[in-house]
Amino acid sequence: MTPHPNMREAYGLALLELGRKNRDVVALEADLGKSTRSVLFQEVFPERYFQMGIAEQNMAATAAGLALAGKIPFIHSFAVFATGRAYDQLRNSICIPGLKVRICGSSSGLSDFGDGKTHQSVEDITLMRALPGMTVLAPMDGLETAKMMERLIDWPGPAYVRINRSDLPLLYPASEPYHIGKITCLRKGSDAVLLATGVMVGRSLEAAQILAERGIAAGVYNISTVKPLDAEAVIQAAAGVRAIVVAEEHNRIGGLGSAVLEALRATPHPPVELVGIEDCFGLSAACYDEILNHFGLTAQAVAAAAMRTLDGSSRPKGHS
Amino acid sequence: MTDTATVKKLERMALQLRFDLIEMIGVGKVGHLGGSSSMAEIAACLYFHAMRYNPQNPKDPDRDRFLLSKGHCVLIQYAALTELGVIPRAELKKVKTLEGCLQGHPDMDRTPGIEAVTGSLGMGLSIGLGMALGFRLDRRPSRVYVVMGDGELSEGQIWEAAMAAAAFKLDNLTAFVDLNRVQATGPTREIFDIPQIERKWAAFGWEVVSVNGHDVGQILQALAKAKETRGRPTVIVAETVKGKGFSFAENNAVFHNSSLTAEQHRQALCELEARRAELK
Ligand SMILES: Cc1ncc(C[n+]2csc(CCOP(=O)(O)OP(=O)(O)O)c2C)c(N)n1
Ligand SMILES: [Mg+2]
């Protein structure tokens with residue numbers, strides 16, 4: 001199957017594939033199926049598709065019941081509503097018993113650029129990471145989304161999948177096997193390492209190019225399993241470099257940056273700089289690039305962060 | 001009873017709001033045309049007749065409050081606030097850009113005249129309930145008006161607020177249900193049917209008035225009745241057409257949130273002009 005550049009579409013197609021492979025897969029949605037693309041599953045498996053109305057809390061707890069009845073439910077909404085509106089249901093009905101429910105948070109981050117603060121999720125990773133037992137996944141493109149979905153049949157316990165609304169360049173190495181819990185090296189470099197998730201992976205690859213032009217060799221890693229984070233691999237990736245930059249389309253508080261710092265805390269490590277949203281809500285913009293630029297989520301910003309950190313670490317008293 | 005001059009004035013205002021709506025959406029810009037247009041008469045009747053609202057003093061603590069629980073339809077509220085002079089007209093073309101102050105959903109910080117943050121569906125009635133309780137405590141004359149969508153009624157929080165408002169006997173709170181029978185993904189009957197809406201509200205302890213939501217006279221009568229009702233909140237269930245005024249968009253879920261082609265834009269303006277001639 002050729003991967004789809006639109007992550008939502010790639011998600012919907014992958015969900016449909018899972019439906020074909022496993023009769024227990026069921027999908028629930030809350031009047032956004034055309035947007036989340038769960039509608040692709042509905043068209044083929046209408047009897048396994050539950051339109052719950054605009055009622056995310058009820059949808060989440062219903063999924064708990066379906067899981068207890070032996071089904072593998074995938075629930076769908078925008079990331080803000082899937083994680084925020086239904087948080088208590090995710091926590092108590094799904095995570096405490098550790099049920100195998102999959103939560104699709106679509107139009108995540110700032111990718112719903114026009115709708116503004118109420119619809120953009122800057123804190124969903126933090127919320128989901130804080131739930132004991134929740135797996136937190138944030139693919140970098142449509143190809144990785146498809147590979148990730150295949151693993152979600154057997155993966156135990158609850159899982160959150162953060163899906164971007166837009167078309168993203170297909171950069172995940174096609175030949176690379178995908179495993180939940182692994183990080184992927186996309187570029188090697190001995191001066192600095194850029195650790196990124198979601199849309200920021202592509203931008204970090206561009207940043208590495210900018211840095212290379214200035215004679216700085218930067219490695220780039222895609223961290224799509226934000227939790228459980230492969231702490232060993234992160235420590236390995238950081239070994240020997242003089243600067244670490246973590247880049248995410250998310251609040252700097254509690255997201256991938258925090259996860260990386262938690263992983264590194266026990267070992268000596270080079271200084272770490274975080275590129276993310278500075279503890280504020282989103283805004284409406286005319287296009288996705290415009291809003292990403294506005295919040296400093298650019299290749300230039302990642303490259304600048306790396307250079308700042310390298311400068312700092314070459315000074316005698318520099319520390320993280 | 002309302003005089004025909006008032007009715008005519010408000011019909012013309014609803015038309016003007018639809019013109020503003022088309023100006024905001026323009027060509028190629030995604031916007032919630034359908035649900036904005038279905039409540040044009042409701043917005044006109046509230047802002048330009050029923051509400052105690054002085055556009056010269058939009059922060060007057062004794063003003064009535066307009067809360068758009070179905071916050072995605074904020075374009076029609078921007079239109080009304082523009083006609084009142086609270087929002088500068090130049091903002092209309094900059095809607096949903098970093099340069100402008102008009103956000104995709106109601107944003108109190110950035111936009112003059114917006115009374116609450118809504119857009120996550122199902123929350124507006126609770127906010128209105130809180131305001132109404134506060135105004136009653138302070139013995140303020142302010143009334144609170146909340147507009148909800150029919151798809152939105154599936155959010156459980158609405159029914160929590162409905163129970164509470166009745167329990168608190170809030171007669172300074174009036175709600176609208178914009179019964180346009182279409183939600184984001186299709187007709188409510190096919191997507192998520194909620195039968196007997198009027199009886200549900202009545203059973204929750206509300207005064208219920210049903211109107212044709214495009215009939216200004218009926219809306220004004222219902223609002224007058226709500227003002228007179230004592231000891232319980234009123235809900236006005238307004239039967240409307242989603243996309244009203246634009247033949248290609250009427251009852252069409254595609255225009256829940258979509259952009260217009262140049263041809264559709266031209267047609268939209270033509271149809272509004274025809275309506276203007278009718279209202280002469
Ligand atoms: C909590 C929440 N869930 C989902 C959405 C996405 N959404 C925006 S509008 C809409 C449909 C609303 O339909 P309705 O209430 O009938 O509004 P109208 O027809 O007046 O536009 C949906 C699902 C949202 N804004 N908030
Ligand atoms: Mg509706």
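Predicted model: local features only at pLDDT ≥ 70, side-chain atom pairs only at ≥ 80, totals over all residues.

**Entry 1: a serine in chain A**

I looked up S38(A) and found it in the loop between α2 (33-36) and α3 (39-44) of chain A. Its relative accessible area is 0%, so S38(A) is buried. I then picked A286(A), which is 248 residues away from S38(A) along the chain, and the two C-alpha atoms turned out to be separated by 26 Å.

**Entry 2: an aspartate in a helix**

Next I went to D124(A), which belongs to helix α7 (residues 124-129) of chain A. With a relative accessible area of 0%, D124(A) is buried too. What does the side chain of D124(A) make a polar contact with? I found the side chain of Y160(A), at 2.6 Å.

**Entry 3: a contact from chain B to chain A**

I moved over to D107(B), in the loop between α4 (74-83) and α5 (124-137) of chain B. D107(B) has a relative accessible area of 4%, and therefore I noted it as buried. Its side chain is joined to that of K117(A) by a polar contact of 2.7 Å.

**Entry 4: chain B as a whole**

I counted 10 helices and 5 strands in its secondary structure. Its radius of gyration is 18 Å, close to the 19 Å from the globule rule for 280 residues, so chain B is as compact as a globular protein of that length. Along the principal axes, the C-alpha atoms of chain B fill a box of roughly 50 × 45 × 40 Å. I also noted that 60% of the 280 residues of chain B count as buried.

**Entry 5: ligand 1**

Which residues come nearest to ligand 1? Of the 25 residues around ligand 1, I wrote down E56(A), K70(B), H72(B), D150(B) and K242(B). The site is shared between chains, because the residues that surround ligand 1 come from chains A and B. Sorting the shell by type gave me 7 nonpolar, 10 polar and 8 charged residues.

Then I went through the polar atoms. An oxygen atom of ligand 1 lies 2.6 Å from a polar side-chain atom of K242(B). For H72(B), I found an N or O atom of the side chain 2.7 Å from an oxygen atom of ligand 1. At G119(B) the backbone takes part: one of its polar backbone atoms is 2.8 Å from a nitrogen atom of ligand 1. I checked the cover as well: ligand 1 taken alone exposes 590 Å², and the protein buries 98% of that.

**Entry 6: the magnesium ion**

My last stop was ligand 2, the magnesium ion. Which residues coordinate the magnesium ion? They are D150(B) through OD, N180(B) through OD1 and V182(B) through O, at 2.1 to 2.2 Å. D150(B) was already in my notes, as one of the residues that come nearest to ligand 1. Along the chain, the donors of the magnesium ion follow the spacing D-x29-N-x1-V.

I looked up the accessibility of two of these residues. N180(B) counts as buried because its relative accessibility is 3%. V182(B), with a relative accessible area of 5%, is buried as well.

Technical notes. Residues numbered from 1 in each chain as written. Chains lettered and ligands numbered in written order. Heavy atoms only, no water. Near = heavy atom within 4 Å. Polar contact = N/O pair within 3.5 Å; in protein donor to acceptor, adjacent residues only side chain to side chain. Areas by Shrake-Rupley, 256 points an atom, 1.4 Å probe, with all protein chains shown as cover. Nonpolar A, V, L, I, M, F, W, Y, C, P; charged D, E, K, R; others polar. Donors = N, O, S within 2.8 Å, 3.2 Å for Na, K, Ca; no water. Buried < 20%, exposed > 50% of the residue type's maximum accessible area, 1.4 Å probe, protein only. Helix = DSSP H or I, 4+ residues; strand = E, 2+ residues; numbered from the N terminus. Rg over C-alpha atoms; globule rule 2.2 N^0.38 Å.
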